[in-house]
Amino acid sequence: MNTPVSGAASRASVPAESVSSLVDVSGPSSAPITPVVDLASARIRHELSGLAARLDGRLSLPGDPGWDADRLAWNLAVDQRPAAVVVAASTSDAVETVRAAAAAGLGVAAQSTGHNAAPLAAQADFSEVVLLRMHELRDVEIDVEARVARIEPGAQWGDVVAAAAPYGLAALAGSSHDVGVMGYTLGGGVSWLARSHGLAANQVLAAEIVTADGVLRRVDDEHDADLFWAIRGGGGDFGVVTALEFRLFPITEVVAGMMLWPLDAAEDVLQTWAAWTGGLPDSVTSTARVLRLPPLPELPPFLSGRSLVIVEAVCQESPERADELLAPLRALSPEIDTVHPQPVADLLALHMDPPEPTPGYGDGMMLSELAPATVRAFLDAVGPGADTALLVAELRHLGGALDPDAALALTEEHDVPAPGVVSGFDAQYLVFATGIPMPGIGDGLVASLGRLFSRIEPWRAPVEYLNFAEHARSAEQLWGERVHRLRAVKLAVDPAGLIRSNHPVRR
């Protein structure tokens, strides 16, 4: 997951080298790790030992009993080997860690779940970084009258949804309970309500952030406005964000579910779906996926060992109107159809994401359109008869409030600040594909991912989505011309480059 990607040719595919050089397919090693010689110096170890005494949480060093567990990312194929890990138990731990790392000549990288850890762990100087794990800080506060949530940095979407739902409020949540709210939102955040409500980052009202000088700041549209702009879509490169406040919405029920067909029907289903999405109101968000599932006992029988095409849809419409909208898909006689009125909180289970950490090797890209030829190219790589090691390849419909101009228009309606660095996307569809890098299939997985992206390259959009960029990207690929302002903000708040992230703006 860590091959640098730059230029049109390399963006089209992942280099066909051994996957063992990209990720450790067996997961983090339990063998003691010998620290890099300069990090083992008496001065640095003294600085880190002094930090341990000031923490409410704990410091973990290579060779310590809990080292391997503390450095573990959600993606078990990513082998994180930082200089040290701090497991924070308070906001003051973030302040102390930043100050101690600066004094020791080390960097700091904040992480909650570690869903997109590969680009960070792949950086050449990651062995000189203190990994600040925030996953134990999971408090969520709901201001019901103001319809605002305040979250700590380790909060997961399951925490927020559980806290907001009893009050009839919904968040622009990720697709699974255990997606970290912080990283998801700082990177943009594409939810099941995205076509009607835009990116999650656009609903952020304020943040608390520890900058490289070790100062805890509260930033919003009127205080440190440039920094507030940068963190909304610019990721975690500007400081350690210790709290977010964002808008909630009075949505209690949607009509949602999936339709399932055997993979042999993929051509008809995806061509119909592509045409169908072209005429949808913004109240509907949908995905289409090709799955090749292994025969696992934990999977239900209708999934285990099968190759399938699945369409998922979320409609903020009446059941009668939803039936009208879904008629073209139902005309294809799905084998299973679970679409029904349901609490908005149940959307966390719709995508059937893995419920716990798992190894994975994947990446994403965006498409400007999904023409019939695009669908055929997609299916040439992952459809019936394709030679592929990919477990899943999905297409997410964008547009609506995810259009940058539409996002700007919504700010007054929602009474929120103007969007940050990423207001929306100049793209109509989002692609993500992944597989499990098990021994023996690593090279085939790299080749399969590269083959898919090369086939659909002619329809590539001019932008990338940070949260689905699981290999390194240039900053220009992620932010375009806005990168110049981003770099100016980075230089102003972190001139020495103390704060590190999976997608640094200086790259």
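Which residues is threonine 287 in contact with, leaving aside its neighbours within four places in sequence? Contact here means heavy atoms within 4.5 Å. Threonine 287 is in contact with Trp192, Trp273, Ile310, Val311, Glu312, His351, Leu395 and Arg396.

## Basis of the report

This is a predicted model, in which local features need pLDDT of at least 70 and side-chain atom pairs count only at pLDDT 80 or more, while totals for chains, interfaces and linings use all residues. Residues are numbered from 1 along each chain as its sequence is written, and side-chain values use heavy atoms, with hydrogens and water left out.

## Threonine 287

Threonine 287 belongs to strand 11 (residues 284-292). Helices (H or I, at least four residues) and strands (E, at least two) are DSSP runs, numbered from the N terminus. Threonine 287 has a relative accessibility of 3% and counts as buried; the classes are buried under 20% relative accessible area, exposed over 50% and partly exposed in between (1.4 Å probe, protein chains only).

The side chain of threonine 287 makes a polar contact of 2.7 Å with that of glutamate 312. A polar contact is a pair of N or O atoms within 3.5 Å; within protein, one must be able to donate a hydrogen and the other to accept it, and residues adjacent in sequence count only if both atoms are side-chain atoms.

## Nonpolar cores

A nonpolar core is a set of buried Ala, Val, Leu, Ile, Met, Phe, Trp, Tyr and Cys residues joined through side-chain atoms within 4.5 Å. The largest has 69 residues, of which Trp157, Leu244, Phe246, Met366, Phe425 and Trp479 touch the most other members. Helix 9 (residues 225-234) supplies the largest share of this core, five residues. Another core lies apart from it and has 46 residues, including Val255, Val309, Ala322 and Leu326.

In strand 9 (residues 240-247), eight of eight residues are buried. Two strands pair if DSSP finds at least two bridges between them. Strand 9 pairs in the antiparallel sense with strand 6 (residues 148-151) over four bridges, and with strand 7 (residues 204-210), also antiparallel, over six bridges.

Phenylalanine 246 of strand 9 stands opposite alanine 149 and is the bridge partner of valine 204. Not counting residues up to four places away in sequence, phenylalanine 246 touches residues including Arg147, Ile151, Trp157, Val181 and Leu205.

## Aromatic pairs

The structure holds six aromatic pairs. Rings of Phe, Tyr and Trp (its six-membered ring) pair if their centres lie within 6.5 Å; planes under 30 degrees apart count as stacked, over 60 as edge-to-face and the rest as tilted. Tryptophan 157 and tyrosine 184 are edge-to-face, 5.4 Å centre to centre with 80° between the planes. Tryptophan 157 lies in helix 6 (residues 157-164) and tyrosine 184 in helix 7 (residues 181-186), so the pair ties together parts 27 residues apart in sequence. Tryptophan 157 is buried, with a relative accessible area of 1%, and tyrosine 184 is buried at 9%.

The ring centres of phenylalanine 425 and tyrosine 465 are 5.2 Å apart and their planes are at 65°, so this pair is edge-to-face. Phenylalanine 425 and tyrosine 465 are both buried. Ring pairs link Phe425, Phe432, Tyr465 and Phe468 into a cluster.

## Charges over rings

A charge sits over a ring if NZ of Lys or CZ of Arg is within 6 Å of the ring centre and within 35 degrees of the ring normal. Arginine 232 lies over the face of phenylalanine 228, 3.9 Å from the ring centre. The charged end of arginine 485 sits over the ring of tryptophan 229, at 3.8 Å from its centre.
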